[in-house]
Amino acid sequence: MNEEFHNQENEQDEPKRRLGRGINVLLGAGSKIDQVENTGSDGDKDLLMIDVNLIDRNPFQPRQEFGKEALDELVSSIKKHGIIQPLAVRREGDHYQLIAGERRLLASKQAGLESVPCQVREMDDKQTCEVAIEENMKRKDLNVLEKAEAFHKYIQEFNSSVEELANQLSLNRSTVTNYLRLLELPEPVKQALLTDKITNGHARALLSLSEAFQISVCDRIQKESLSVRKAEEIVRQILNPKPEPETIPFSSKKSGDKNEPEVSNHVLSVQQQLQDL
């Protein structure tokens, strides 16, 4: 990452920035600082101390919730050591708008700080949105639906295609598409995914089913703590049900065959639903 950052310092005039090169590129060398104020030592000359009440959240922030435990730990750290990494902001009228560092801002307010060190950058909406996505993409605690919403908002807001966004993020097109498809899930399944009652793998397996079956299988996954593989097997059974026993020609059935698989109540129920449909 450091090597890429130093290489980018020599490419400040490059017309097109790739998000995949990292947030340090978007926030690093070559970005013009609006205002400079000496906040103390020589190393802090590029920082501006800004009142926390003058900083508005990033409207493109994909993260909707911040873990309380992690936030409390950051509050404790800030009380002891202050803000180690400055926030990035841009001017928005007589206020400032966050580019990166919302968790630090929330923790600073809880820690009782009246102002925080910031670097003021000149960025348009698209660049600000790209930084917000890049800052959160690698976080394990960022829910897949939050990522999907961020992708969808980016495509809609900036009239981008899935392929263009995938290139910007250095991801496969299919990866971005799979994220976006999660937005098609019914609300009960989304809630199960948001609360970690099912995983991303479970959710992807359900996508090929109708809404009613998605909800039904989602409930079963939670009640029986099914693995992704077992969920995929159930989905295959629903999509390709075996004929009911009475429809199989008598000659193909061996009397007293103990090896004949037993049809589960769930499969029988699904077969009946399909017949009704």
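**View 1. Strands β3 and β5 in the sheet.** Strand β3 (residues 87-92) and strand β5 (residues 115-120) run parallel and are joined by three bridges. The model is predicted: local features need pLDDT of at least 70, side-chain atom pairs count only at pLDDT 80 or more, and totals for chains, interfaces and linings use all residues. Residues are numbered from 1 along each chain as its sequence is written, and side-chain values use heavy atoms, with hydrogens and water left out. Helices (H or I, at least four residues) and strands (E, at least two) are DSSP runs, numbered from the N terminus. Leu87 has Cys118 of β5 as its bridge partner. Strands of a sheet pair through backbone hydrogen bonds, either parallel or antiparallel.

View 2. The open sheet has five strands in the order β1-β5-β3-β4-β2, with mixed pairing; two strands pair if DSSP finds at least two bridges between them. At the edges are β1 (48-51) and β2 (55-56), each pairing on one side only. Helix α4 (residues 102-110) packs on this sheet and touches β2, β3, β4 (95-100) and β5; contact means heavy atoms within 4.5 Å. The directions of α4 and β4 make about 125 degrees (axes are lines fitted to C-alpha atoms, for helices over the stretch in contact, and angles run from 0 to 180 degrees between N-to-C directions).

**View 3. Thr128 in helix α5.** Thr128 is part of α5 (residues 125-137). Thr128 counts as buried because its relative accessible area is 0%; buried means under 20%, exposed over 50%, partly exposed in between, with a 1.4 Å probe and protein chains only. Leaving aside residues up to four places away in sequence, Thr128 touches residues including Asn58, Phe60 and Met123.

**View 4. The largest nonpolar core.** Of its 38 residues, Phe151, Leu182, Leu193, Ile198 and Leu206 touch the most other members. A nonpolar core is a set of buried Ala, Val, Leu, Ile, Met, Phe, Trp, Tyr and Cys residues joined through side-chain atoms within 4.5 Å. Helix α6 gives the most, with seven residues. Among the residues that Ile198 touches are Val189 and Cys218; Cys218 is buried, at 1% relative accessibility.
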